[in-house]
Amino acid sequence: QVQLVESGGGLVQAGGSLRLSCAASGRTFSSYILGWFRQAPGKERELVATITTTGGAVGYRDSVKGRFTISRDNSKNTVYLQMNSLGPEDTAVYYCAAGLGGIGALGDYWGQGTQVTVSS
């Protein structure tokens with residue numbers, strides 16, 4: 001079992017930056033693949049970024065490549081999402097997710113979400 005708690009959301013002007021954090025409970029954090037999803041009002045939840053157990057491989061959706069960076073610190077049981085050059089299109093509730101196995105396992109566990117609002 002893993003419990004995930006996100007933080008770091010807020011209101012930021014277009015062009016600004018935020019860093020989201022997701023702290024996890026449990027002693028097997030390093031065994032989980034991790035990811036960040038987001039859901040904007042009226043839209044489906046979408047995968048934003050993923051990171052493997054050791055952090056050796058990451059993946060991003062095209063719209064955030066070059067602007068967002070996912071990282072993890074297994075000693076702190078925490079995964080991060082650094083978001084730069086934010087635009088109004090990035091406004092959404094951001095969720096972290098964890099799973100055992102491949103990307104398809106993401107979603108075994110979810111955080112409660114943190115709101116990111118980007119003003120134009």
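Is Cys-22 buried or exposed? In this model, which is predicted, Cys-22 is buried, with a relative accessible area of 1%.

**The disulfide**

Cys-22 forms a disulfide with Cys-96, and the sulfur atoms of the two residues are 1.9 Å apart. This bond links distant parts of the chain, since Cys-22 belongs to strand β3 and Cys-96 to strand β9, 74 residues apart. Cys-96 is likewise buried, its relative accessible area being 1%. The count for the structure comes to one disulfide.

In soluble globular proteins, nonpolar side chains tend to be buried together. Here the largest nonpolar core has 28 residues, and those with the most contacts inside it are Trp-36, Val-48, Phe-68, Leu-81, Met-83 and Tyr-94. At least two residues of this core come from each of β3 (18-24), β4 (33-39), β5 (46-51), β7 (68-73), β8 (78-83), β9 (92-99) and β11 (114-119). If neighbours within four places in sequence are left aside, Met-83 is in contact with Gly-16, Ser-17, Leu-18, Leu-20, Arg-67, Phe-68, Tyr-94 and Val-116.

**A buried aspartate**

Asp-90 lies in the loop between β8 and β9, and with a relative accessibility of 0% this residue counts as buried. Again leaving aside neighbours within four places in sequence, the contacts of Asp-90 are Arg-38, Arg-67, Phe-68, Ser-85, Val-116 and Val-118.

**Strand β11 and its partners**

Strand β9, by contrast, runs antiparallel to β11 and is joined to it by three bridges, with Val-116 of β11 as the bridge partner of Ala-92.

**Aromatic rings and charges**

A search of the whole structure finds three aromatic pairs, and two of them are described here. The rings of Tyr-32 and Tyr-109 have centres 5.9 Å apart and planes at 75°, so this pair is edge-to-face. The two residues come from distant parts of the chain, Tyr-32 from the loop between β3 and β4 and Tyr-109 from strand β10 (residues 109-110), 77 residues apart. Tyr-32 counts as buried, at 4% relative accessibility. The rings of Tyr-95 and Trp-110 are also edge-to-face, because their planes stand at 90°, with centres 6.4 Å apart. Tyr-95 is in strand β9 and Trp-110 in strand β10, 15 residues apart. Of these two residues, Tyr-95 counts as buried at 14% relative accessibility, while Trp-110 is partly exposed, with a relative accessible area of 34%. Together with Phe-37, Tyr-95 and Trp-110 form one aromatic cluster.

Two arginines lie over aromatic rings, as the table sets out.

| Arginine | Ring | Distance to ring centre |
|---|---|---|
| Arg-45 | Trp-110 | 4.5 Å |
| Arg-72 | Phe-29 | 4.9 Å |

Trp-110 therefore takes part in an edge-to-face pair with Tyr-95 and also has Arg-45 over its face.

How values were computed. Residues numbered from 1 in each chain as written. Predicted model: local features only at pLDDT ≥ 70, side-chain atom pairs only at ≥ 80, totals over all residues. Heavy atoms only, no water. Core = buried A, V, L, I, M, F, W, Y, C linked by side-chain atoms within 4.5 Å. Buried < 20%, exposed > 50% of the residue type's maximum accessible area, 1.4 Å probe, protein only. Helix = DSSP H or I, 4+ residues; strand = E, 2+ residues; numbered from the N terminus. Contact = heavy atoms within 4.5 Å. Phe/Tyr/Trp six-rings, centres within 6.5 Å; stacked < 30°, edge-to-face > 60°. Lys NZ or Arg CZ within 6 Å of the ring centre and 35° of its normal. Pairing = 2+ DSSP bridges. Disulfide = S-S within 2.5 Å.
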